[in-house]
Amino acid sequence: MKVVIDTELCQGHGRCFTMAPNLFSFDDLGSGVVIGDGTLNDETIELARLAQLNCPEHAISIEE
Ligand code: F3S
């Protein structure tokens with residue numbers, strides 16, 4: 001499974017990289033970006049789900 005951020009929807013609220021700095025970072029404009037290719041494991045899937053639930057713009061999705 002992979003986590004992705006829809007850059008069209010992200011408004012830079014920053015909850016993702018605050019909650020899960022191992023999974024997300026931010027670009028020069030303060031928009032969230034996925035670190036690496038976003039592949040999730042048993043340890044990171046819950047953090048990714050938490051970030052997904054907390055993104056006000058619903059910009060984070062988890063793909064099978
Ligand atoms: Fe963007 Fe949502 Fe993170 S708006 S910075 S993907 S919390």
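Select Glu8 to begin: this residue lies in the loop between strand β1 (2-5) and helix α1 (15-19). Helices here are DSSP runs of H or I with at least four residues, strands are runs of E with at least two, and both are numbered from the N terminus. Glu8 counts as exposed because its relative accessibility is 69%; exposed means over 50% relative accessible area, buried under 20%, and partly exposed in between, with a 1.4 Å probe and protein chains only.

The model is predicted: local features need pLDDT of at least 70 and side-chain atom pairs count only at pLDDT 80 or more, whereas totals for chains, interfaces and linings use all residues. Residues are numbered from 1 along each chain as its sequence is written, and side-chain values use heavy atoms, with hydrogens and water left out.

Next, display the ligand. Around the ligand are Cys10, Gln11, Gly12, His13, Gly14, Arg15, Cys16, Phe17, Gly32, Cys55, Glu57 and Ile60, where a residue is near a molecule if one of its heavy atoms lies within 4 Å of it. Helix α1 gives the most to this shell, with three residues.

The structure holds one aromatic pair. Phe17 and Phe26 form this pair, which is tilted, at 4.9 Å centre to centre and 50° between the planes. Rings of Phe, Tyr and Trp (its six-membered ring) pair if their centres lie within 6.5 Å; planes under 30 degrees apart count as stacked, over 60 as edge-to-face and the rest as tilted.

Turn now to Ile5. Leaving aside neighbours within four places in sequence, Ile5 is in contact (heavy atoms within 4.5 Å) with Cys10, Cys16, Phe24, Gly32, Val33, Val34, Ala59 and Ile60.

Thr44 is the next stop, in the loop between β3 (32-34) and α2. Thr44 counts as buried because its relative accessibility is 17%. Not counting residues up to four places away in sequence, Thr44 touches Leu23 and Thr39.

Finish at His58, in the loop between α2 and β4 (60-63). Is His58 buried or exposed? His58 is exposed, with a relative accessible area of 62%. The phi of His58 is near 55°, a positive value in a residue other than glycine. Most residues other than glycine have a negative phi.
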